[in-house]
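Subject: Structure for your review

Dear colleague,

Please find below the structure that I am handing over to you. My notes on it follow, arranged by region.

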Amino acid sequence: MTAGWLQAGLGAALVLSAWLVPRHVAAARAARPAALLLDAAPAGLGAGLMLAFSARPVFSGLLVFALAAGLAFADRVKREVLREPVVFSDMSELPQIFTHPQLYLPFAGPGLVIGGAAAAGVGLLALWRLEPALWAPGGMPALLLLLLVLGGGWALSRQPALGAAAGVLRRLEPSGEPFADAARLGPYAALLVHGIVARAERAGRRARYLPPARVGPRPSALELPLVLVQCESFFDARRLSPLLPKDLLGGFDALCAEGLCGRLDVPGWGANTTRAEFAALTGIAEEALGYDRFNPYHAFARAPVNSLAWRLRGAGYRTICLHPFDRAFFRRDRALPALGFDTFLGRDSIGGSRAPPYFPDPDLARRVLESLDEAGARSFIFAITMGNHGPWRKAGGPAGIAGLPQGGELLRYLEGLRRSDEMLAILRDGLDRRRFCGVLGFYGDHVPSLPQAFRHFGFDARASDYVLWRRDALVPRRRDLRVQELPRLILEMLEASEFPAMALGA
């Protein structure tokens with residue numbers, strides 16, 4: 001009996017730690033009892049389920065603690081690297097950690113992540129063998145408890161229970177700001193509140209942005225192609241320091257001297273590409289998405305949403321997206337067709353690597369021009385680059401800038417930035433040589449995640465940069481924008497008279 005009580009006590013201590021450790025990272029304060037209960041529920045429920053099946057309190061507690069420690073570690077790293085805590089839609093990226101670890105683990109430290117996971121696995125296996133079961137594991141009661149939990153989760157995901165649950169959770173008065181809600185409600189509670197409210201509101205919010213009823217081509221004399229490039233981590237890095245070479249972005253400067261350019265206010269810092277991508281294609285401001293603004297491709301864009309692609313498709317355009325990477329990454333294989341693209345070419349079609357250097361930006365520019373020649377003048381080609389994707393760590397190569405934090409990473413980023421600029425020059429020259437010319441748009445999805453280097457320079461800006469160019473359309477001018485303003489301006493540059501219903505995102 002004494003041994004059993006000791007097992008139960010150790011297991012309970014581990015479960016309590018599984019609740020408190022993420023709260024410590026989130027700087028969670030004392031909260032009203034309802035918020036505390038909601039925040040403690042995932043750890044308690046998870047431990048209860050494991051205990052019902054294993055009959056081993058310490059094993060169950062360690063498993064829950066290991067998962068909680070992983071969440072707390074990810075939360076701390078994300079706060080440092082991306083200036084944002086873990087949010088509910090990050091759960092959809094968990095499989096990508098295993099399918100594309102090179103995009104995640106270097107930011108956290110591969111040795112620490114792999115070592116921690118291995119230690120937890122060894123400890124759990126040892127406990128399973130060494131810790132005596134307090135009763136016969138599993139059985140009908142455990143199965144019934146699992147079915148009850150799964151059934152309750154399913155019911156809460158459907159109306160009317162979903163709406164009722166969201167109404168109850170709104171009484172906790174979430175602010176919608178992830179830092180504040182994680183601190184005031186607790187990290188688990190914030191994830192639950194944001195996720196359930198987002199699901200409850202999603203259909204109503206999406207109904208405001210349905211594509212035009214008619215998506216087939218209508219009569220149009222427009223014969224101008226559109227090439228729009230979302231360039232990974234692009235911004236005018238000369239803003240960091242006057243010591244950086246003035247000719248760093250010669251291609252970008254040349255287009256700015258002939259078109260419309262400026263700062264671009266984007267929703268993310270260092271990552272979260274889909275936020276800028278969705279806004280640039282739809283014209284929908286992030287505040288209109290509610291909690292789905294954290295990742296519109298997580299669920300919001302699984303059904304058709306009005307967009308630049310739908311509008312152009314309605315004018316008889318072919319709408320083509322090129323992305324030299326896994327088509328399923330960020331669920332683009334579902335989202336981009338819902339946003340009006342009738343062709344989506346990924347790594348399996350246009351080539352590229354699963355690991356750095358992925359697909360060089362100049363090569364992607366040439367592939368864009370080939371697609372343009374194949375599709376003809378009435379085409380919209382959207383290119384999503386990967387060539388300058390972080391992390392910018394590579395064995396060998398230059399040692400970096402002496403004395404500068406993250407000097408090596410910054411130097412490799414600048415090398416990639418030059419290749420992105422070469423891409424822009426290739427596209428501009430390619431369009432200029434073609435009879436139909438067209439409109440060229442180019443923008444950065446976010447600034448790179450180089451927090452130590454940025455702090456060294458005292459640089460804290462979030463805005464990226466953009467340029468819109470049409471050979472014969474604009475007097476050169478500068479104008480700072482929010483990213484959701486891009487589609488309206490692009491339609492105006494093509495020819496506003498062709499698009500009487502162009503109030504995207506209104």
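In what follows, the axis of a helix is a line fitted to its C-alpha atoms over the stretch in contact, and the angle between two axes runs from 0 to 180 degrees between N-to-C directions. Please bear in mind throughout that this is a predicted model.

With that definition, α3 and helix α6 (residues 110–130) have axes 9 Å apart and pack at an angle of about 170°. Since angles over 145 degrees count as roughly antiparallel, α3 and α6 are therefore roughly antiparallel to each other. On the α3 side, the contact is made by Val58, Phe59, Leu62, Leu63, Ala66 and Phe73. The α6 side supplies Leu112, Val113, Ala120, Gly123, Leu124, Leu127 and Trp128.

Helix α1 (residues 2–25) comes next. Its 24 residues, at 1.5 Å a residue, should span 34 Å, and the C-alpha atoms at its ends are 35 Å apart, so the two values agree. The buried residues of α1 are Gly4, Gln7, Gly11, Val15, Ala18, Trp19, Pro22 and Arg23. These buried residues pack against α2 (33–54), α3 (57–82), α9 (178–185) and α10 (187–206). Just after α1, alanine 27 has a positive phi of about 55°.

Apart from residues up to four places away in sequence, tyrosine 413 touches Ser233, Phe234, Phe235, Ala237, Asn388, Trp392, Pro448 and Leu450.

Although serine 233 is not a glycine, its phi is positive, at about 60°. Its relative accessibility is 1%, so serine 233 counts as buried. Glutamine 406 likewise has a positive phi, near 55°, in a residue other than glycine. Glutamine 406 is located in the loop between β5 (379–384) and α17, and its relative accessibility of 14% means that it counts as buried.

Two further loop residues may be of interest to you. Serine 89 is in the loop between α3 and α4 (94–99) and, at 1% relative accessibility, counts as buried. Beyond its neighbours within four places in sequence, serine 89 is in contact with Phe294, Asn295 and His298. Glutamate 173, in the loop between α8 (161–170) and α9, is exposed, with a relative accessible area of 53%. Leaving aside neighbours within four places in sequence, glutamate 173 is in contact with Arg32 and Arg184.

Finally, I draw your attention to the cis peptide bonds. One joins glutamine 159 and proline 160, with omega about 5°; proline 160 is in the loop between α7 (140–156) and α8. Another joins proline 356 and proline 357, with omega about 10°; proline 357 is in the loop between α15 (347–350) and α16 (361–375).

With kind regards

Definitions and conventions. Residues are numbered from 1 along each chain as its sequence is written. This is a predicted model: local features need pLDDT of at least 70, side-chain atom pairs count only at pLDDT 80 or more; totals for chains, interfaces and linings use all residues. Side-chain values use heavy atoms; hydrogens and water are left out. Helices (H or I, at least four residues) and strands (E, at least two) are DSSP runs, numbered from the N terminus. The expected span of a helix is 1.5 Å times one less than its number of residues. Buried means under 20% relative accessible area, exposed over 50%, partly exposed in between (1.4 Å probe, protein chains only). Contact means heavy atoms within 4.5 Å. Angles under 35 degrees count as roughly parallel, over 145 as roughly antiparallel, 65 to 115 as roughly perpendicular and the rest as oblique.
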